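Student: Could you take me through one part of this model closely, namely the place where the two chains meet?

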Amino acid sequence: MMETLFINYEEAVAIILFGIGFTMVLFQKNLIKKIIGMNIMDTGTFLFLASTGYIRGRKAPIIIDGIQKTEAYINPVPSGLVLTGIVVSVSVTALMLSLTIRLYKRYHTLILDDIYLLSRHQAEDR
Amino acid sequence: MNVIHNFPLFTVLLSLFSGVLCTRLSNKAAKYYTAVLQVLLMALSASVFFYTLQTGPFTYVLGEFPAPWGNELRAGVLESMMALFFLLVLFCSCIGGWHFLDEDIDESKHNLYFSLIHLLTAALMALAWTNDIFTGYVFLEILTLTSCGILIVREIGRTTLAAVRYMILNLLGSGLFLLGVSFLYDITGHLLLVPMGDTIGQISGDPHEMMVLTLSLTFLTIGLSIKSGLFPFHFWMPDTYGWSTPGSASILSSLVSKAYIFLLFKIFYRGIGIEVFERMPLRNILFVLGLCGIFFGSVSAIRENNLDRMVAFSSAAQIGYIYVGIGIGGSAGYTAAIFHIMAHGLTKSLLFLSAPRLAEASGNSLLFKNLTGSGLRNKSAGFFFLMASFSMIGIPGLAGFSSKLLFAYTALYSGSNLKWLLTMLMLSISSLLNTLYFIRTDIRIYNSSFDRQALGEKEPGENGQAPGALSPAGSENPAIPEAPAADSSEEMAPLPLSKADKGQKGRSAAPDYIVPATILILLNIFLGLYSQGIADLINIGLKGF
């Protein structure tokens, strides 16, 4: 069991990163820390995907010097997935940060529990 | 190639381009453009529906790259039916929500709201048609972002807070989903659902591979059930639905959460293979969680004293029904689940569109004590709310009854006595609870002994409490004490009801409410009366799924 973990250390680290990020999003009270956790979580997944597609000793799948054998290159699909994932992650982070700014402007704190308490005391329409 | 084969892609692309276009249009133009485009998209989906009904499902290959490499859209009876249903409810919710845009959204941003609606449409359409799990992930994220967008257009603190909580939970869900997709790709080497299903069929005998498969499927399912609001994760619902503008609440509850379930369904059915899925214990867990969702959703709904939040909690219960259908399994179970997706979507959107109109006739308050007699003040909203609540309870002739009947039949023939017993028990308990909280509401909104004086006296006391309770806590913070004062004075203003009442009478026959509500209720009755035909159609769709 431990051996397989050591051989596939990239995947193991990726899952650990994912776990760290996940618990941060879940349990951190501070909104900025939650967003950081979210990014760590995504990074973990990206590492997992990238290590899946990487084959030791091979090159990035860009044809140079006319070599067209598939054995010369790594699997390009996971790299493409990671790219797409990064785009998604960036846009989600941007949205979360803008929401955080809006909340901070209104409630002057970043702690989610405090914001919740404050908002309950403010009577808003409906 | 037949020209109809292009239609699924057109629905996605047209909505994407319209999203960009709407940012340049004026408010009014964007509004009407949205309605027209949705009718056009409905026509496209309907033609795909009738075409596939005659000739069977077809696959549209993007860029002509064949199966294991390219990206595919797949259209069958079920997909086109779901797309049509999504568009219909979207159309009704958009028109029904027009009236509230003026008060909820800043004047300069109406066209941006419609732009978001178009992007959301694109995501819904893509989720309905796609045959690729990663395309599913990308559009799932787009759906999350746009649904958060239509939530935060109402720029008040509570909505922003609800949006942040909604986003955080959705992000956890997306993260788990992506990890699950990575695992699946790792063991199968495919992202297209059909080749993935074939590979899984080959490796499903290997216990080691099955372990990874179970793990990845668990991640996928937890991710999507957080997003759709299955039992332990349903707590975000009341805030999200209760504080958004009514059109958005209707879209979020009846479409967005359903689209996630449809994707999950697609993965189970096509990506994993339904035989492999049915051997897994996951199905029973979904069954139990669904039952818990039905029970706790209904109980929480009973304890609420705010109409929108009550309806939101009842959504949690209805999501439970859908998962119970998946948990029972067999083609009958899945048929019942999909039928319920439609029945609930039609009913819940009507409830979310009617509730704020009842509130409008009651000094803009959704609290039960103020809603007394509101059905008499706004007759149309009262009537449609009554009909929708009857459908939720399960009065024969309406969609809610038919879907409950389907669940009962399914459970009866599921071959498992325990499941049969539990489903029947939960159906009866939940119907009872539904009746309890919906009839209670109906009696209240039709109560003629409405006493204006009582309302006028109670309300200031209620408002007076909030700032009083706040002042010690808020005194440390200079920005807070002003806000509640301003808010409460605003809320006091409409209390002499006669003036608001008069305006309401003129508006109660507004076509932007009557038309969508009539469409929704007619569809509801259609679904209720022709449930067998619809169930057969779903069955045909499932066979070619």
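Tutor: A polar contact is a pair of N or O atoms within 3.5 Å, where within protein one must be able to donate a hydrogen and the other to accept it, and where residues adjacent in sequence count only if both atoms are side-chain atoms. The model is predicted, so local features need pLDDT of at least 70 and side-chain atom pairs count only at pLDDT 80 or more, while totals for chains, interfaces and linings use all residues. Residues are numbered from 1 along each chain as its sequence is written, chains are lettered from A in the order in which they are written, and side-chain values use heavy atoms, with hydrogens and water left out.

By that rule, three residue pairs are in polar contact across the interface of chain B and chain A, both residues being at pLDDT 80 or more. The largest share of the side of chain B that touches chain A, 19 residues, comes from H6(B), helices being DSSP runs of H or I with at least four residues, numbered from the N terminus. That side of chain B divides into 32 nonpolar, eight polar and 11 charged residues, where Ala, Val, Leu, Ile, Met, Phe, Trp, Tyr, Cys and Pro count as nonpolar, Asp, Glu, Lys and Arg as charged, and the others, Gly among them, as polar.

The rule also finds one salt bridge across this interface, a side-chain nitrogen of Lys or Arg within 4 Å of a carboxyl oxygen of Asp or Glu; the side chains of B:Glu155 and A:Arg102 meet in a salt bridge at 3.7 Å, N to O. In contact terms (heavy atoms within 4.5 Å), 51 residues come from chain B and 42 residues from chain A.

Note on methods
Helices (H or I, at least four residues) and strands (E, at least two) are DSSP runs, numbered from the N terminus.
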